[in-house]
Amino acid sequence: MEITKEVLNNLKLKRGKLSEKRCQEINQMKIKNPYANLPYYTEGEFFKIDNGQYFYASMDERIVFILAFEPMPILRREIEKVYDSTEELYDDIYLLFIDDEWIEVIFDGAQYKQLSNNNIHYYYCEKVLRINQVLDSRKDFKEIIYLLEEMSMAKHRFNKCEYEEYELNINYKGERYPWRNWKEL
C-alpha cells in the first residue's frame, strides 16, 4: 500500500484490540527482537502480539503503530551507572505496519515546550526521526512521516483532557514536518 494524500485525508483511527487474523499476520513476519539476549529482558526472540492488547490502528487494521521494543527500566538504570546516557544504547523502537510491510521507527530526541493561557495548557513537541533506509527507499516517505505524526497524536486525542492542546512535529534529515499542515501536501 502506498500512503498518499488521499489515504491521509480518509484515515480514520481507532484505539482497541486487533483482530486475531491481523495479529497472526504480524506475528508471521518474524521481526527479530534486538533486546532478546539482554539481561532482565524476557519478551522472546521475535516481536509477538495477541488480540488482547490495545493498539492504535486504522479502522481496517491495514495500518498499525506499536511501541514494539522497550528496554526494561532496570536495564537502563544499570547502564546509567556505567555511562552518562543510555539514549544511544537502548532506544524505544516503534513499528509501523502498512499491510504486509513494516518500518522500524526510532526517535533520537525530543524537545518539549509548555505554555499556559486562560487555563488551557499547550504542549509542543518536536521529535527527531532517526535516518531510516527503508523509509528513504519509499517514494511516499514524506507521507509516511505525516502518518507517523498522526498515529503518534492518536494517543493524545483518545486521552485528551479538555484543558490541554498538544502539537507534535517531526524533524527528519533537518527538515521539519509540522503535523497540522499535512493536509496541505
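Q: Which residues are linked in a network of salt bridges?
A: K21, R22 and E25 are. A salt bridge here is a side-chain nitrogen of Lys or Arg within 4 Å of a carboxyl oxygen of Asp or Glu. Before we go on, this is a predicted model: local features need pLDDT of at least 70, side-chain atom pairs count only at pLDDT 80 or more, and totals for chains, interfaces and linings use all residues. Residues are numbered from 1 along each chain as its sequence is written, and side-chain values use heavy atoms, with hydrogens and water left out.

Q: OK, how far apart are the closest N and O atoms of R22 and E25?
A: They are 3.1 Å apart. R22 and E25 are three residues apart in helix 2 (residues 20-27), so about one helical turn separates them.

Q: Is R22 buried or exposed?
A: R22 is buried, with a relative accessible area of 5%, while E25 is partly exposed at 32%. Buried means under 20% relative accessible area, exposed means over 50%, and partly exposed is in between (1.4 Å probe, protein chains only).

Q: How many salt bridges does the count come to?
A: Eleven, by that rule. One of them joins E2 and K139, with the closest N and O atoms 3.7 Å apart. E2 sits in the segment before helix 1 (5-10) and K139 in the loop between helix 4 (133-136) and helix 5 (141-158), so this pair ties together parts that are 137 residues apart in sequence. E2 is partly exposed at 39% relative accessibility, and K139 is exposed at 71%.

Q: What about R176, which side chain does it meet in a salt bridge?
A: That would be E126, at 2.8 Å from N to O. R176 belongs to strand 9 (residues 175-178) and E126 to strand 7 (residues 120-129), so parts 50 residues apart in sequence are tied together. R176 counts as partly exposed, at 42% relative accessibility.

Q: Switching topic: how many helices and strands are there?
A: The protein chain has five helices and nine strands. Helices (H or I, at least four residues) and strands (E, at least two) are DSSP runs, numbered from the N terminus.

Q: And in which order do five of the strands form an open sheet?
A: The order is 1-2-3-4-5, with antiparallel pairing. Strand 1 and strand 5 (101-105) are at the edges with a single partner strand each, so one side of each has no neighbour in the sheet. Neighbouring strands are turned by 30 degrees against each other on average, direction ignored. For such angles, axes are lines fitted to C-alpha atoms (for helices over the stretch in contact), and angles run from 0 to 180 degrees between N-to-C directions.

Q: How many bridges are there between strand 1 and strand 2?
A: Five, and strand 1 (residues 13-17) runs antiparallel to strand 2. Two strands pair if DSSP finds at least two bridges between them. L13 stands opposite S58 in strand 2.

Q: What's on the strand 3 side?
A: Strand 3 (residues 63-69) is antiparallel to strand 2, with two bridges joining them. Y56 has F65 in strand 3 as its bridge partner. The hairpin of these strands has four residues between them, and E61 there takes a positive phi near 65 degrees.

Q: How many residues of strand 2 are buried?
A: Four of the five in strand 2 (residues 54-58), so by the under-20% cut-off the strand is mostly covered. Across the protein chain, 41% of the 185 residues are buried.
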